[in-house]
Amino acid sequence: MRILKQLFDKNKNWAERMKESDKDFFLNLSKQQKPEYLWIGCSDSRVPANQIVDMLPGQIFVHRNIANIVVHTDLNSLSVIQYAVEVLKVKHIIVCGHYGCGGIQAAMENKDHGLIDNWLRNVKDVYRYHQNKLDAIINEKEKLDKLCELNVIEQVSNVCHTTIVQNAWKTGQELSVHGWIYNIEDGILRDLDVCITGLDEISTTYRVV
Ligand code: CO
């Protein structure tokens, strides 16, 4: 082990602490995972899913990418959603954005960021859907935070429009999709109140019956 020894040391200490509080913790977890939640969040290092909601390993299934985007052509996020819904049978999918998101900020700029601009195009589209409202906000920080919120709401819709989620509802599976936003300045989560629980709550344009 040439480098990063400190991470292995920290890991060993952590595993020991976990076993001190529950000696069978890893043994029990190794037998199965039964999380009730799928978390779709930003990759930002300041927004770690488990820690924010104070959950232990085994309690939350996680997918993170830059700016917490769910695109219907992204096999990665779709595979995560499929596994979480069809196999793990999670009861809740949480799309969690955060204020001050660097990805959202980059999407608001008119400059070249390289490859990532192709990914952030999805956020530019969200901006365009709400252009009048966003252009009217003069304060740049407020504008960014508003787009962070609107992006979460859009991604909640994208999750609901997948055939995976729609099929689950059609078969009577209990499944709610939530939109939350996290404040990196005080560590507090806020519910954006966009909880969607069934087919009749999504746009008819995307409904597959
Ligand atoms: Co972010």
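Tutor: The expected span of a helix is 1.5 Å times one less than its number of residues. Helices (H or I, at least four residues) and strands (E, at least two) are DSSP runs, numbered from the N terminus. The model is predicted: local features need pLDDT of at least 70, side-chain atom pairs count only at pLDDT 80 or more, and totals for chains, interfaces and linings use all residues. Residues are numbered from 1 along each chain as its sequence is written, and side-chain values use heavy atoms, with hydrogens and water left out.

Student: How do you know that the span of helix α8 agrees with its 22 residues?

Tutor: Helix α8 covers residues 140-161, and at 1.5 Å a residue it should span 32 Å.

Student: What makes up the rest of the protein chain?

Tutor: The protein chain has nine helices and five strands, in the sequence pattern α-α-β-α-β-α-β-α-α-α-α-α-β-β. Its C-alpha trace spans about 55 × 45 × 30 Å along the principal axes.

Student: Which residues coordinate the cobalt ion?

Tutor: Donors are N, O or S atoms within 2.8 Å of the metal (3.2 Å for Na, K and Ca). At 2.0 to 2.3 Å, SG of Cys-42, NE2 of His-98 and SG of Cys-101 coordinate the cobalt ion. Since water is not among the atoms, the site may look incomplete. The spacing of the donor residues in sequence is C-x55-H-x2-C.

Student: Why is the pair Cys-42 and Cys-101 said to tie parts together?

Tutor: Cys-42 belongs to strand β1 (residues 37-42), and Cys-101 to the loop between β3 (92-98) and α5 (102-108), so the parts they tie together are 59 residues apart in sequence. Of the 209 residues in the protein chain, 41% are buried.

Student: Why is the pair of Trp-14 and Phe-26 called edge-to-face?

Tutor: Rings of Phe, Tyr and Trp (its six-membered ring) pair with centres within 6.5 Å; planes under 30 degrees apart are stacked, over 60 edge-to-face, the rest tilted. By this rule there are four aromatic pairs. For Trp-14 and Phe-26 the ring centres are 5.5 Å apart and the planes stand at 70 degrees, so this pair is edge-to-face. Trp-14 is in helix α1 (residues 5-21) and Phe-26 in helix α2 (residues 25-31), so the pair ties together parts 12 residues apart in sequence.

Student: Why does Phe-26 count as partly exposed?

Tutor: Its relative accessibility is 28%, so Phe-26 falls in the partly exposed class. Trp-14, with a relative accessible area of 34%, is partly exposed as well. Another edge-to-face pair is Trp-39 with Trp-180, at 6.4 Å centre to centre and 80 degrees between the planes. This pair links strand β1, which holds Trp-39, to strand β4 (residues 176-183), which holds Trp-180, 141 residues apart. Both Trp-39 and Trp-180 are buried.

Student: What is the order of the five strands in the open sheet?

Tutor: The order is β2-β1-β3-β4-β5, with mixed pairing. The edge strands β2 (60-65) and β5 (188-191) each pair on one side only. Two strands pair if DSSP finds at least two bridges between them; β1 and β3 have five, in the parallel sense. Leu-38 stands opposite Ile-93 in β3.

Note on methods
Buried < 20%, exposed > 50% of the residue type's maximum accessible area, 1.4 Å probe, protein only.
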